[in-house]
Amino acid sequence: MTEQQSGRWLTPQERSAWLALYAVATRLPGTLDADLFRRARITLFDYHVLAMTSEAEGQQLAMSELASRSNASLSRLSHVVKKLEQRGWMRRFPSPTDARVTTAALTDEGMAALVELAPGHVETVREAVFDALDDQDVADLTRVGTKILTLLDPASDRPGAPTKGT
C-alpha cells in the first residue's frame, strides 16, 4: 500500500470521538425536529430562523444576515421564510435603506408562537444534551465545538455570540 493510499487514519481515541460526534450530529436534530413537529408542525430549522430573527434588533434582519446566522443558503432560507409567512409568523419587505436588500421580520403572531414554543424546546434541549453534562463538560463542549466550527467556517462567530436562549 502506498503512503497516499494509507492516508492519515484516525487513532482509536480519535475514532471513538468521531463516532460519538457523528452519532450526536445525526440523532440530535431528529430528536429536536420530532418534538417541534409534534408541538407546532415546524422543523428545528424553522424554529432556529424564528429564534435568530427574534434576537435581532427590531426583530428583523436582512435575509443575507439571517442566512449567515442560521447557517443556510439564501435559497433554503427563502423557502423557509415563505412557509413561515404563510403561517403569518414572518414577513419580508425591501430594506428602506437599500432596495437590493430584502428584510425578514418576525410578526407579532410569530413572536407569540416562539414565546409559546421556547420553554418546551429548551426543556427538550436540556433533556437531550445538558442534563447529562456538568459545568466542565459544558465548557469543554463550547471550546471543542468552537474549534471545529472555526475549521469548517473561519469567518463564523456564532458559538460565542450572546443569545437569549436556544
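At what angle do helix H3 and helix H5 pack, and how far apart are their axes? I started there. H3 (residues 44–54) and H5 (residues 74–86) pack at about 85°, with axes 10 Å apart. Axes are lines fitted to C-alpha atoms, for helices over the stretch in contact, and angles run from 0 to 180 degrees between N-to-C directions. H3 and H5 are therefore roughly perpendicular, a label for angles of 65 to 115 degrees.

I noted the ground rules. The model is predicted, so local features need pLDDT of at least 70 and side-chain atom pairs pLDDT 80 or more, while totals for chains, interfaces and linings use all residues. Residues are numbered from 1 along each chain as its sequence is written, and side-chain values use heavy atoms, without hydrogens and water. Helices (H or I, at least four residues) and strands (E, at least two) are DSSP runs, numbered from the N terminus.

**Helix contacts**

I looked up H2 (residues 12–40) next. Its axis comes within 8 Å of that of H3, and the two cross at roughly 80°. That makes H2 roughly perpendicular to H3. Pro29, Leu32, Asp33 and Leu36 of H2 meet Leu44, Phe45 and Tyr47 of H3. Contact means heavy atoms within 4.5 Å.

**The core**

Which residues touch the most other members of the largest nonpolar core? I found Val49, Leu66 and Met90, in a core of 26 residues. Such a core is a set of buried Ala, Val, Leu, Ile, Met, Phe, Trp, Tyr and Cys residues joined through side-chain atoms within 4.5 Å. H3 gives the largest share, six residues.

I followed Leu66. Leaving aside neighbours within four places in sequence, Leu66 contacts residues including Val49, Thr53, Met90 and Ala104.

Thr53 sits in helix H3. Is Thr53 buried or exposed? Thr53 is buried, at a relative accessible area of 0%; buried means under 20%, exposed over 50%, partly exposed in between (1.4 Å probe, protein chains only). Not counting residues up to four places away in sequence, Thr53 touches Gln59, Gln60 and Leu61, among others.

**The sheet**

I then traced an open sheet of three strands, in the order E1-E3-E2, with antiparallel pairing. Two strands pair if DSSP finds at least two bridges between them. E1 (60–62) and E2 (90–94) are the edge strands, each pairing on one side only. Neighbouring strands are turned by 25° against each other on average, direction ignored. E1 and E3 pair over three bridges. Ala62 has Thr103 in E3 as its bridge partner. Last, I saw H3 lying across E1, E2 and E3, at about 95° to E3.

How values were computed:
Parallel < 35°, antiparallel > 145°, perpendicular 65-115°, else oblique.
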